[in-house]
There are 2 protein chains.
Amino acid sequence: MRLTLVCLVKPVLHGYFRSSCSWRVRIAFSLKGIEYDQAAVNLIKDGGQQLTEQYKTLNPMQQVPAVEIDGITLSQSLAVIQYIDETRPGPCLLPADPKARAQVRMISDLIASGIQPLQNLYVLQKIGAEKVPWAQHFITRGFQALEPILKQTSGKYCVGDEISMADICLVPQVYNAERFKVDVSRYPTIKRLNETLLEIDAFQLSHPCRQPDTPADLRA
Amino acid sequence: MRLTLVCLVKPVLHGYFRSSCSWRVRIAFSLKGIEYDQAAVNLIKDGGQQLTEQYKTLNPMQQVPAVEIDGITLSQSLAVIQYIDETRPGPCLLPADPKARAQVRMISDLIASGIQPLQNLYVLQKIGAEKVPWAQHFITRGFQALEPILKQTSGKYCVGDEISMADICLVPQVYNAERFKVDVSRYPTIKRLNETLLEIDAFQLSHPCRQPDTPADLRA
C-alpha cells in the first residue's frame, strides 16, 4: 500500500486590504487558482497591528505581507510570488526565456525597490507633513523611468503578451499613484496596461475594494 | 558544416565603485568567473554622471548599475544577478530547493527593497541635513529584522552552507552600515557572516576599495 500525502493546509496571507504588496500576493494566488485564508493586519488600528510582538515573529520587518505556506513563513512579496510560481501548477508568472524573465524582474524590482519603499506608510509617517509631495515625487520619478521601459518591453502586457510578475507589481503601484493624485494619463503605456489588466478576474477579485477587511465605506 | 556562434562580447557594467548595488553585480560576475568591462559612472562628479541624457538611455531610473549583456541592457541588480545565474555556468547563486530559494530571495529583497532604497544617495540628498540619522534609522531597523531571520536560515552562509544571492546583498549592505557608523557588532549573525564572506576572493576583488574608479585616497 502506498500512502500519498496531500497537503490540505491552505496558505495564510497576513495582509491589509490597501497594502500594495499584499495585493501583489493576492493577484498571484488568484492567477494560479490557489485557495488561501486571509488574516487581516490593520496597519492603522491600535497604532498598527503589524507592530505587535505576535506579528513580529511572522515578519520581523513588521510589514505586510507575511505568508504561511508549506510549513514555512515568508515575507517580501516577490519572494512569495516566485515561490508560488516554482511550486504550483497554473499559468507561469515568469516567462521561460531568460531575457524576458530578466525584463520581468527588472520591471518588478523597479517598482518594488525603486518606488514602493519610498512611499509606504512607515516612511511617510517619518516624513510627516510633507508626505504627499514626497510620495508624488518618488512615484513620478519611477513612472518617468518605467514608461520608456514598458514602451519597449510591452505587448498586450508588461513584457510581451503573457501576464507576468511585472503586471502583478504594476497595477497596485498605479492604484497607489492614483491615491496620491499622480496624473497617470501622462504615462500612456502604464495607463493602457493598467486598464487592460484591471479587466481580468484575478485583478478584480483581489482589488483592495473587495477584501474581507475592506471598510464598508471603501467597498465597491 | 555547422557554425557555432560564440558570443565574444564581454558584458559591460556601468557602475560606481562605492555603490552597493554595483558591488552586488561585481560579486556575482566574480563568483561565476565572468570577465566583464567596467564603465565608471561617477555619482558625484559633474553633479552626477548618472543624470546625463546619454546614461538615461541605459537606465531611465538614472541609477547604477546598468549592464549591457547579450544584446540587452538590464538595470536592477537582482534582475542582473538572476539573469547571469540562469544563463552562465559556474556555482549556482540560488539553491535548487524551492524553500531555500524563497529564503534567499526574501533576505535579498529585505535588503534590496527594505533597506538600500531608503539610504541611497538620491534619497539622502532629498533628506538634506538629517541624512545621517535617517540612514542610521533605516539600516538599524532593517538589521534588527535581518538578524533573527539569518539566525534561523544561516549555516556557514546566509542560507545554509552555500553562497547565494543573499550573501551578495549582505556584504555591501554591511559596508554601507559601517560608512554610516551603525554598530554592526550588535548583530552577531550579520557580523559573523560578513566576516566569513569577506575572506572569499570574489568579495575581495570586487570590493569598493579596489575598483578602476576608486579614488587614490580610498584604495586599499
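Reader: What makes the meeting of the Glu86(A) and Arg105(B) side chains a salt bridge?

Author: Happy to explain, and please keep in mind that this is a predicted model. The N to O distance between Glu86(A) and Arg105(B) is 3.1 Å. The cut-off is 4 Å between a side-chain nitrogen of Lys or Arg and a carboxyl oxygen of Asp or Glu, so this pair qualifies. Four salt bridges are counted between chain A and chain B.

Reader: How do you know that chain A and chain B are in contact, and how many residues take part?

Author: Contact requires heavy atoms within 4.5 Å, and therefore 41 residues of chain A and 41 residues of chain B count. About 3800 Å² is buried between the two chains, with carbon and sulfur atoms giving 67% of that area. On the chain A side, Met61(A), Lys99(A) and Arg141(A) lose the most area to chain B, together 16% of what that side buries.

Reader: What makes up the polar part of this interface, and which element of chain A has the largest share of the side touching chain B?

Author: There are 13 residue pairs in polar contact between the chains, both partners at pLDDT 80 or more. H4(A) gives the largest share of the side of chain A that touches chain B, with twelve residues. By class, that side has 22 nonpolar, eleven polar and eight charged residues.

Notes: Residues are numbered from 1 along each chain as its sequence is written. Chains are lettered from A and ligands numbered from 1 in the order in which they are written. This is a predicted model: local features need pLDDT of at least 70, side-chain atom pairs count only at pLDDT 80 or more; totals for chains, interfaces and linings use all residues. Side-chain values use heavy atoms; hydrogens and water are left out. Buried area is the accessible area (1.4 Å probe) that two parts lose on being put together, summed over both. A polar contact is a pair of N or O atoms within 3.5 Å; within protein, one must be able to donate a hydrogen and the other to accept it, and residues adjacent in sequence count only if both atoms are side-chain atoms. Helices (H or I, at least four residues) and strands (E, at least two) are DSSP runs, numbered from the N terminus. Ala, Val, Leu, Ile, Met, Phe, Trp, Tyr, Cys and Pro count as nonpolar, Asp, Glu, Lys and Arg as charged, and the others, Gly among them, as polar.
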